[in-house]
Amino acid sequence: MQKYNISRSNYFYAIGLSYKKADADIRGHFSLDEDSKLRLLNQAKENDIESLIVTSTCNRTEIYGFAQHPFQLIQLLCENTRGTVEEFQEVAYIYKNKDAIAHMFRVGSGLDSQILGDFEIISQLKISARLSKKHHLLNHFTERLVNAVIQASKRIKTETEISSGATSVSFASVQYILNNIENVSDKNILLFGTGKIGRNTCENLVKHTQNEHITLINRTKDKAEQVAGKFNLLVKDYANLQEEINNSNILIVATGAQRPTIDKHIIQTQKPLLILDLSIPKNVNENVEELSNVKLVHLDHLSKITDETLEARKKHIPLAEAIIEDVKKEFNNWLETRKFAPTIKALKHKLNDFAAAELDTQRKKLSDFNESQAEIISNNIIQKITNHFAHHLKDDDVSTDESLELIKKVFQLEPSKKNV
């Protein structure tokens, strides 16, 4: 990216891992909670990283940023998670410059989601960009790129049907319950954790199960009460967790903790119990499967969406990709203008020097010299000349690099510093 004069560093990278090659356990090792993200951002500043965005969801953890070498970003990730460089190398991906830009577009537009057309990631990207900007880690290029990805995402959502039907993990979990549990409306359902996934799951439970026996528990009770109030559901104290689990037929865990919050020792009931773990890292210890009455299903094993709906969505991929290319073209055009902006700026300075010298000469020659009128005329001429050169450089039929060198040579412009 050096030639575009957008960063002190040479390259823009996207590094990370996702559901495609990393299972839930490995993704859990690289999961970043809010505190870990803040530590990573602060460390990035200490390491003189200029611009960086970090996202961590149940399906992926990624860093987008400028660096001399991708290991600078990989090291930041590993030092702030439980993951190791060796694990990262086995399952990770590294994209550079244009490939990194293209990757962000696909991720933000739902084309790289575990459930095709799932747009939850774009909200994560927005939040991450705001956090980076707050910590002065969002340069003009990255902010412009994120805004372009948001624009593409909005257009795909409104101009295609790629997100029609079931989309989220929260819906997939409810769909699994409906397909595998008889008389769902009569079962006792306990939802443990009322973060974003928990709230969405709760909404889908109410909407699709017609169940009036849904109980919510959260470590912070008032958060559970805020969610319950919308749907008139029962809330119990965290201290009652074991009792409520033993009263339940279905337990949904979405606590977002870094360590398991449920294990076999807390389960005392002998009746059949279905546990759905919607968390990354896993929040349910796999030792619960040692209990014969318990069936554990993690989000990686959920039936995400019906094949019929998935196939219908795939039909909209070409249109979504066309929209991405359209928005990306606009972004690349802006990027091209960054390429010659320093030269145009230097040219304008040179022309201003010419004008100042000539005005000084005429000022000495003419007794009735009109200062203000002369400045207006010279400024207008300079603006027209620079605009003319800028339009020429934007022309697809000309070689920008050759034209830039010719302009520099003709006007004897100082070589522009790289990575301004």
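Helices (H or I, at least four residues) and strands (E, at least two) are DSSP runs, numbered from the N terminus.

**View 1. Overall fold of the predicted model.** The protein has 15 helices and 10 strands. Its radius of gyration, taken over C-alpha atoms, is 28 Å, well over the 22 Å that the globule rule (2.2 Å times the number of residues to the power 0.38) gives for 420 residues, so the protein is more spread out than a compact globule. Along the principal axes, the C-alpha atoms fill a box of roughly 105 × 40 × 40 Å. This is a predicted model: local features need pLDDT of at least 70, side-chain atom pairs count only at pLDDT 80 or more, and totals for chains, interfaces and linings use all residues. Residues are numbered from 1 along each chain as its sequence is written, and side-chain values use heavy atoms, with hydrogens and water left out.

**View 2. The Tyr93 and Tyr95 ring pair.** Rings of Phe, Tyr and Trp (its six-membered ring) pair if their centres lie within 6.5 Å; planes under 30 degrees apart count as stacked, over 60 as edge-to-face and the rest as tilted. The count comes to 10 aromatic pairs. Tyr93 and Tyr95 form a tilted one, 5.5 Å centre to centre with 35° between the planes. Tyr93 is buried (under 20% relative accessible area; exposed is over 50%, partly exposed in between; 1.4 Å probe, protein chains only) at 13%. Tyr95 is partly exposed at 30%.

**View 3. An aromatic cluster.** Ring pairs link Phe12, Phe66 and Phe141 with Phe331 and Trp334.
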